[in-house]
Amino acid sequence: MKRPNIILIITDQQRYETIAALGYPHVNTPNLDRLANEGVTFSQCHVTSPSCGPSRASLFTGHFPHNFGALKNNDA
C-alpha cells in the first residue's frame, strides 16, 4: 500500500483568528492562506497541555505530558 505524503506545519504561538483564510481578513497571511486553501485545516483542535513545550513534546512522542514529566516549559 502506498503511503500518503503528509507535511504537518505548526506555527509558533499563533491563534486561529490570525489567519485570513479561516475567516479573519484583518490579518495579512498570504502564505498560510494558500496552504489552508490547498490543504487541510483543523477547526476542532485540542492540546494536552496549555504550555507550548509539553504540548509539542506530547505531539512528537504520542504520550501525555504527565507520563514523561514535562509539565511546564523548560522541563527536561
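Modeller: A residue counts as exposed when its relative accessible area is over 50%, as buried when that area is under 20%, and as partly exposed in between. The model under discussion is predicted, with an average pLDDT of 88 for the protein, and 100% of the residues score at least 70.

We may now turn to the rings. The structure holds 1 aromatic pair, and its partners are Y16 and Y24. A pair of aromatic rings is described by the distance of the centres and the angle of the planes. For Y16 and Y24, the centres lie 5.7 Å apart and the planes make an angle of 75 degrees. Because planes over 60 degrees apart count as edge-to-face, the arrangement of Y16 and Y24 receives that name. Y16 has a relative accessibility of 51%, and therefore counts as exposed. Y24, in turn, has a relative accessible area of 27%, so Y24 is classed as partly exposed.

Leaving aside residues up to four places away in sequence, S55 touches V47, T48 and S49. G53 is also found in helix α2, and its relative accessibility of 30% makes G53 partly exposed. As regards confidence, α2 has the lowest mean pLDDT among the elements of the protein, at 89, whereas helix α1, residues 30-38, has the highest, at 93.

Notes:
Residues are numbered from 1 along each chain as its sequence is written. This is a predicted model: local features need pLDDT of at least 70, side-chain atom pairs count only at pLDDT 80 or more; totals for chains, interfaces and linings use all residues. Side-chain values use heavy atoms; hydrogens and water are left out. Contact means heavy atoms within 4.5 Å. Rings of Phe, Tyr and Trp (its six-membered ring) pair if their centres lie within 6.5 Å; planes under 30 degrees apart count as stacked, over 60 as edge-to-face and the rest as tilted. Buried means under 20% relative accessible area, exposed over 50%, partly exposed in between (1.4 Å probe, protein chains only). pLDDT is the predictor's confidence in each residue, from 0 to 100. Helices (H or I, at least four residues) and strands (E, at least two) are DSSP runs, numbered from the N terminus.
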